[in-house]
Amino acid sequence: MDNPVTEAPAVPASRRDGEADAPWLDAREQRFWRAHLEVGKLLDHQLSRELQAHNLAINDYEILVVLSESPDRRMRMTDLATATLQSKSRLSHQITRMETAGLVLRQECPGDRRGLYAHLTEHGWETLRKVAPDHVRSVREHFIDRLTDEQLDALYAALAPIAEHLRGLRGRG
């Protein structure tokens, strides 16, 4: 019996104009696309579950990492929103929660009354140092160690140009 998740969907008989020439995915492409979506969602879910033991969400962890890798462990809020693919509004709410937990502080930007920095606190730095070993073990267990070196290289070679293309589209339109 065919698996409906891996088969291309049947094209509806009542198409609107223009749909007949849509570049529909064939069965192989559909199988790959859906596997990609499923892996992304399942991996995000699993890593999020494991970070909950540390009272962190995956977005919290990402922000801690980005700030830890920034000069003086701080970054303009607009740049942090871009780096973490969040809207400024969503990031602002996230930073408010993280400030309450003592992980980050907002600081004014000298010479720019409207600009703000997100700054990693010492508590945030210590939290990251404590959580990072568990998180990297999870990334290894659930992703990296599931692939051979050759598969990792091939996957990187396949995904890097797509990431570059999508980064180039950011900020347009």
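# Briefing: Helix Contacts and Pockets

In helix H2, the residues Ile58, Tyr61, Leu64, Val65 and Ser68 meet Gly124, Trp125, Thr127, Leu128, Val131, Ala132 and His135 of helix H5. By class, the residues of this contact between H2 and H5 divide into eight nonpolar, four polar and no charged. The structure is a predicted model.

**Helix H2 against helix H5**

- Helix H5 covers residues 122-142, and its axis comes within 10 Å of the axis of H2, with a crossing angle of roughly 115 degrees.
- Angles of 65 to 115 degrees count as roughly perpendicular, and H2 and H5 are therefore roughly perpendicular to each other.
- The crossing of H2 and H5 is left-handed.

**Helix H1 against helix H5**

- The axes of H1 and H5 also come within 10 Å, and they cross at roughly 150 degrees.
- Because angles over 145 degrees count as roughly antiparallel, H1 is roughly antiparallel to H5.
- This crossing of H1 and H5 is right-handed.
- On the H1 side, Leu43, Gln46, Leu47, Glu50 and Leu51 take part, and they meet Val131, His135, Ser138, Val139 and His142 in H5.
- The contact of H1 with H5 has five nonpolar, four polar and one charged residues.
- Val131 and His135 of H5 are named in the contact with H2 and also in the contact with H1.

**The loop between H1 and H2**

- His54 is found in the loop that lies between H1 and H2.
- Leaving aside residues up to four places away in sequence, His54 touches Lys130, Val131 and Asp134.
- His54 and Asp134 are 80 residues apart along the chain, and their C-alpha atoms are separated by 9.7 Å.
- Val131, which His54 touches, also belongs to the H5 side of the contact with H1.

**The largest pocket**

- The lining of the largest pocket comprises 15 nonpolar, five polar and two charged residues.

- Arg76, Met77, Thr78, Lys88, Leu91, Ser92, Arg106, Asp112, Arg114, Gly115 and Leu116 form the lining of the second largest pocket.
- At least two lining residues come from each of helix H3 (77-83), helix H4 (88-100) and strand S3 (112-120).
- Strand S3 supplies the largest share of this lining, with four residues.
- By class, the lining of the second largest pocket has three nonpolar, three polar and five charged residues.

How values were computed:
Residues numbered from 1 in each chain as written. Predicted model: local features only at pLDDT ≥ 70, side-chain atom pairs only at ≥ 80, totals over all residues. Heavy atoms only, no water. Nonpolar A, V, L, I, M, F, W, Y, C, P; charged D, E, K, R; others polar. 1 Å grid on protein atoms, 1.4 Å probe; cavity = no way out; pocket = protein on both sides within 12 Å on 5 of 7 lines; lining within 4 Å. Axes fitted to C-alpha atoms, helices over the stretch in contact; angles between N-to-C directions. Parallel < 35°, antiparallel > 145°, perpendicular 65-115°, else oblique. Left-handed = near helix turned anticlockwise from the far one by under 90°. Contact = heavy atoms within 4.5 Å.
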